Amino acid sequence: MNPEKIKIGIDEVGRGCFAGPVVACAVCFDKENIIENGKFLSSLDDSKKLTRKKREIIFTQLIKFANKKKPLLKFGMGVVDNFYIDEKNIREATKLAMQRALDELLLKINPNNIQSVLVDGKDNFVFTNLIKKPVFIIDGDEKVLEIQAASIIAKVFRDKLMCVYSSLYPEYGFEKNAGYGTDKHREKIIMKEDLTGIHRLSFKPVKEVLNKKSKLLLHICCGPDACVPIVDYKDKYEIIAYWYDPNIHPRKEYLKRLNAFKKICKIEKVDLIEGPYEVKKFLTSIKGFENTPEKGEKCFQCYRLRLQESAKKANELNCEYLTTTLYMSPLKDIEKLTRIGEEISEKYNLKYLPLIFRKKNGFLRSVDYCKEYDIYRQNYCGCIYSDTYPFKIHEKKTATLNLKHSKFKELILKNN
Ligand code: SF4
């Protein structure tokens, strides 16, 4: 290379991406010899203005020039990953990428022979290891051949890198969007779990996803069973409290329980959605199992009905997660409840959370909570078939169990 004519052009790519590194390239030509390639030089342009295909053709040619025995151009590359970008900021990362590109190039030339260092943009970075002060040129990638070559090499190199990432994370479209915030890319990063190890967590749209709470539909069976789950999980999830108690009998008791839960919603500042009171639906769902004991088939059908309706509501409200406060009661079959919950959630494309709220003193804490805030605690599960249904003893004295059931059914259907 002619030592008197070393002009360096520097450019970067990937500054505004949500994912992947920022990449910089520093280029200098052997002007004397490359002049013969005038036609080729006139094909250089701002990398953003070239088609992908054209860019790749020029890139291949540039690399060929660099690999000649007597190189017609020399270049250096600088890559700074998303972790540094998050730790410092994108400006500092860009500066470091440019410095690294320059440092590599300086190993291949004599720094004393540098005529000028031209950099695209207006950052006015100060680089180390340079005698000459770099000149920053706005739209330099439209005006300076060396910057154009640097922008093409950096762009194609980074695109290739993002294609490799795309093979690891095929659903993000990195091979097409190169980590930029296209619609497809934005649609993919809805939840925290959607973020990859190459996402820039400090970038606003990514940060928003990170800080976003997932929506959890919490099926509520009663206030005492709901207080601890709400206290424990309201900071982690955006809780949608869905009251669905279709079978509590009598209606007066239903309203008493609902009011107790409304009091908790007020204390914990949680919005409540009331499901329908539909005893008829419940009776249909347990048909044939009425006389099975609590924790038996009748109750499994009851879990199913409650979770089925809750899953429908969760879908309607775009929730990601589903669970139920039925997990608080020691009288519920946890394994069965989980199996039913998972099966229904799969059908509705929800993630099911088998949170055993009664563990770790959950039940005792709920007793304390109710005492502290004077919350009504019921003494039977809810439906007329509950083992401790309060009117049962009296009923047994006066009629057969079947007679009692039909009498109550009649009464319920009338009132429903
Ligand atoms: S006893 Fe409780 S869980 Fe069982 S069916 Fe009745 S309300 Fe449902």
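**Sheets, domains and ligand shell of the predicted model**

Ile-10 has Ala-26 in S2 as its bridge partner, within the antiparallel pairing of strand S1 (residues 6–13) and strand S2 (residues 22–29), which extends over six bridges; strands pair if DSSP finds at least two bridges between them, and both helices (H or I, at least four residues) and strands (E, at least two) are DSSP runs numbered from the N terminus. The model is predicted, and for this reason local features need pLDDT of at least 70 and side-chain atom pairs count only at pLDDT 80 or more, whereas totals for chains, interfaces and linings use all residues. Residues are numbered from 1 along each chain as its sequence is written.

S1 and S2 belong to an open sheet of five strands with mixed pairing, in the order S3-S2-S1-S4-S5. The edge strands, each pairing on one side only, are strand S3 (73–80) and strand S5 (135–137), and the twist from one strand to the next averages 20°, where axes are lines fitted to C-alpha atoms, for helices over the stretch in contact, and angles run from 0 to 180 degrees between N-to-C directions. Helix H5 (residues 90–106) packs on this sheet, touching S1, S2, S3 and strand S4 (114–120), with its direction at about 145° to that of S3; contact between two residues requires their C-beta atoms, placed from the backbone, to lie within 7 Å. Helix H7 (residues 145–168) also packs on the sheet, touching S1, S2, S3 and S4, and its direction makes about 35° with that of S1.

A further open sheet is formed by five strands in the order S8-S7-S6-S9-S10, with parallel pairing. Strand S8 (272–274) and strand S10 (351–352) each have a single partner strand, so one side of each is left without a neighbour in the sheet. Strand S6 (residues 214–220) and strand S7 (residues 237–243) run parallel and are joined by seven bridges, with Ser-214 opposite Tyr-237 in S7. Helix H11 (residues 223–233) packs on the sheet and touches S6 and S7, its direction making about 160° with that of S7.

The domain assignment, which is automatic or taken from a database, gives domain 1 (3–170) and domain 2 (214–377), whose centres, taken over C-alpha atoms, are separated by 60 Å.

The residues around the ligand include Cys-299, Cys-302, Cys-381 and Cys-383, together with Glu-294 and Lys-298, a residue being near if its C-beta atom, placed from the backbone, lies within 6 Å.
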